[in-house]
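Hi,

Here is the structure I promised to pass on. Have a look at it first, and my notes follow below.

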Amino acid sequence: MIVLAIDTAGTGCFAAVYDSTTDKVLASAGADIGRGHAEQLLAFIDQALAESGKVLSDVDRIAVTVGPGSFTGIRVGVAAARGFALALGVPSVGVSILAALAKSAGEKHPGRPVLAAMDAKREELYCQIFEAAGAPRAEAQIVGLDDARHMFAGFDGVICGSATRHLTDAPLPDVAQIDVADIGTVARLGVVADPSLGKPSPLYLRGPDVRPQAGFAVARA
């Protein structure tokens, strides 16, 4: 299976072409761009395809990161994945950033549960625990920093993600130095994802920052 993987959930914008038959990332392209995902994503996809020696019609599945992360970036990636899938007549699947982080950490520290924790800013963390075999122990959630320290104080597995420093001062091997999801890992998770669960949808754990301006509020009759 040839998978086109897309990650725009954070400040990075990445695309990769993965061959599940050989378990190889044939090519990848992208950069940590901060903003401008909509303007640059297609160019990175074209680059990854060209360097892999594949064309869009060779793609059997689209995998895209659905969050948690940037509202704008997630929307760009999900819209692109759905559009390509519709045009090509192939399935599209969503991949959680937390799951991708946990998979990478689990491969480095096999046999242990993993807590994936991302810095959500405002003294909040995106968190999710995964069993040693990779299955999620609970749903992803957003937790206040103080509450998270209390909740995970006795966690006996491996901690990974950009919020690791907020949760533990423990030395390796209890901490996996993995802060960013690997696009190859996103592609591999995309292979085993179930397309019958529906089209990829954004994983928003926090409401949007934008609020209607008071002066434009419409009075109800």
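Arg165 is exposed, at 54% relative accessibility (buried means under 20% relative accessible area, exposed over 50%, partly exposed in between, with a 1.4 Å probe and protein chains only). Its side chain meets that of Asp119 in a salt bridge, 3.3 Å from N to O; the term stands for a side-chain nitrogen of Lys or Arg within 4 Å of a carboxyl oxygen of Asp or Glu. Asp119 belongs to strand S6 (residues 114-119) and Arg165 to helix H5 (residues 164-167), so the pair ties together parts 46 residues apart in sequence. Helices (H or I, at least four residues) and strands (E, at least two) are DSSP runs, numbered from the N terminus.

Before I go on, some ground rules. This is a predicted model, so to speak of local features I need pLDDT of at least 70, and side-chain atom pairs count only at pLDDT 80 or more, while totals for chains, interfaces and linings use all residues. Residues are numbered from 1 along each chain as its sequence is written, and side-chain values use heavy atoms, with hydrogens and water left out.

Back to the charged pairs: the count is 5 salt bridges. One of them joins Arg188 to Asp23, with the closest N and O atoms 2.8 Å apart. That pair links distant parts of the chain, 165 residues apart: Arg188 is in helix H6 (residues 183-192), and Asp23 is in the loop between strand S2 (12-19) and strand S3 (24-32). Arg188 is partly exposed at 25%, and Asp23 is partly exposed too, at 42%.

Arg137 and Glu131 also form a salt bridge (3.1 Å, N to O). Here Arg137 is partly exposed with a relative accessible area of 43%, and Glu131 is partly exposed with 33%.

Now the sheet. S6 turns up again in an open sheet of 4 strands, ordered S8-S7-S6-S9 with mixed pairing (two strands pair if DSSP finds at least two bridges between them). Which strands stand at the edges? They are S8 (141-144) and S9 (158-160), each with a single partner strand, so one side of each has no neighbour in the sheet. Neighbouring strands are turned by 30° against each other on average, direction ignored.

S7 (residues 124-130) and S8 run antiparallel and are joined by 4 bridges, and Glu124 stands opposite Gly144 in S8. Helix H3 (residues 97-108) packs on this sheet, touching S6, S7 and S9 (contact means heavy atoms within 4.5 Å). The direction of H3 makes about 130° with that of S6; axes are lines fitted to C-alpha atoms, for helices over the stretch in contact, and angles run from 0 to 180 degrees between N-to-C directions.

Cheers
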